[in-house]
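This report describes the fold of one protein chain and the surroundings of selected residues.

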Amino acid sequence: MKRSSSTRSAYGKGTKGAGWYSFDAGGVHFIGLVNVVDLKAGGLGNLGNEQLEWLEDDLRGSRNRRRSWCSPIFPLWTVYPTWGWGTEDGGRALDYLKGYGSVTVLNGHIHQVMQKVEGNVTFHTGALDRIPAAGAGLRPSPDR
């Protein structure tokens, strides 16, 4: 997914790399990750070394905060790899996030309402429109 310079100047001011960012508000550290830049058909999302190094450095400066909210596009946990529902290097990002007392990871893209808790990390996926559950068909499609 390439972003044009006009789109970036309108919606991505202050972002790093391909559009990732962080900020603090109300005692919560918010992180926006981009795991679809080098997406290959049928493959998992990928954060890449540059973004992961930025994330590690960003979190190093905020370890004293108790809560973090992270929002990637694809899930950071592997939901259904056959359909690309996961992030290949998401485990590395999650290792960095484990230093917080409470982490919420919210993503969309897979159009399923799901929740998972793993240690101090709670994962939520959201859906504006529904597509079939993982494995119900050859590919994800709302057209069935």
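Leu97 touches Ile31, Leu59, Ser68, Cys70, Val103 and Asn120, residues up to four places away in sequence being left out; contact here means heavy atoms within 4.5 Å. Leu97 belongs to helix 3, which spans residues 90-97. Helices (H or I, at least four residues) and strands (E, at least two) are DSSP runs, numbered from the N terminus. Leu97 counts as buried because its relative accessibility is 0%; buried means under 20% relative accessible area, exposed over 50%, and partly exposed in between, with a 1.4 Å probe and protein chains only. Ser68, one of the residues that Leu97 touches, is 29 residues from Leu97 in sequence, and the two C-alpha atoms are 7.9 Å apart.

The model is predicted: local features need pLDDT of at least 70, side-chain atom pairs count only at pLDDT 80 or more, and totals for chains, interfaces and linings use all residues. Residues are numbered from 1 along each chain as its sequence is written, and side-chain values use heavy atoms, with hydrogens and water left out.

**Overall fold**

The protein chain has 3 helices and 6 strands, and along the sequence these follow the pattern α-β-β-α-β-α-β-β-β. Of its 144 residues, 38% are buried. Among contacts in the chain with a separation of 6 or more, 58% are between residues 24 or more positions apart.

The 6 strands form an open sheet with mixed pairing and the order 1-2-3-4-6-5. Strand 1 (21-25) and strand 5 (114-118) stand at the edges, each with a single partner strand, so one side of each is left without a neighbour in the sheet. On average, neighbouring strands of the sheet are turned by 15° against each other, direction ignored. Two strands are taken to pair if DSSP finds at least two bridges between them.

Strand 2 (residues 28-32) pairs with strand 3 (residues 67-71) in the parallel sense over 5 bridges. In this pairing Val28 stands opposite Arg67, and Gly32 stands opposite Ser71. Strand 3 also runs parallel to strand 4 (residues 102-107), to which 4 bridges join it; here Cys70 stands opposite Val105.

In a regular strand the side chains alternate between the two faces of the sheet. In strand 3, Ser68 and Cys70 make up the covered face, whereas Arg67, Trp69 and Ser71 make up the uncovered one. Both residues of the covered face, Ser68 and Cys70, are among the contacts of Leu97.

Helix 2 (residues 49-60) lies across strand 1 and strand 2 and runs at about 170° to strand 2. Axes are lines fitted to C-alpha atoms, for helices over the stretch in contact, and angles run from 0 to 180 degrees between N-to-C directions. Glu56 has its place in helix 2 and is partly exposed, with a relative accessible area of 31%. Glu56 and Arg92 are separated by 36 residues in sequence and by 9.3 Å between their C-alpha atoms.

**Aromatic rings**

A search of the whole structure finds 7 aromatic pairs. Rings of Phe, Tyr and Trp (its six-membered ring) pair if their centres lie within 6.5 Å; planes under 30 degrees apart count as stacked, over 60 as edge-to-face and the rest as tilted. Two of the pairs are listed here.

| Ring pair | Centre distance | Plane angle | Class |
|---|---|---|---|
| Phe23 and Phe30 | 5.0 Å | 10° | stacked |
| Trp83 and Trp85 | 5.1 Å | 80° | edge-to-face |

Phe23 is partly exposed at 40% relative accessibility, as is Phe30 at 24%. Trp83 and Trp85 are both buried. Ring pairs also link Tyr21, Phe23 and Phe30 into a cluster.

**Surroundings of Thr125**

Thr125 lies in strand 6 (residues 121-125) and counts as buried because its relative accessibility is 5%. Leaving aside neighbours within four places in sequence, Thr125 is in contact with Pro75, Asn107, Ile110, Gln112, Val113 and Met114. A polar atom of the Thr125 side chain lies 2.6 Å from the backbone oxygen of Gln112.

Notes
A polar contact is a pair of N or O atoms within 3.5 Å; within protein, one must be able to donate a hydrogen and the other to accept it, and residues adjacent in sequence count only if both atoms are side-chain atoms.
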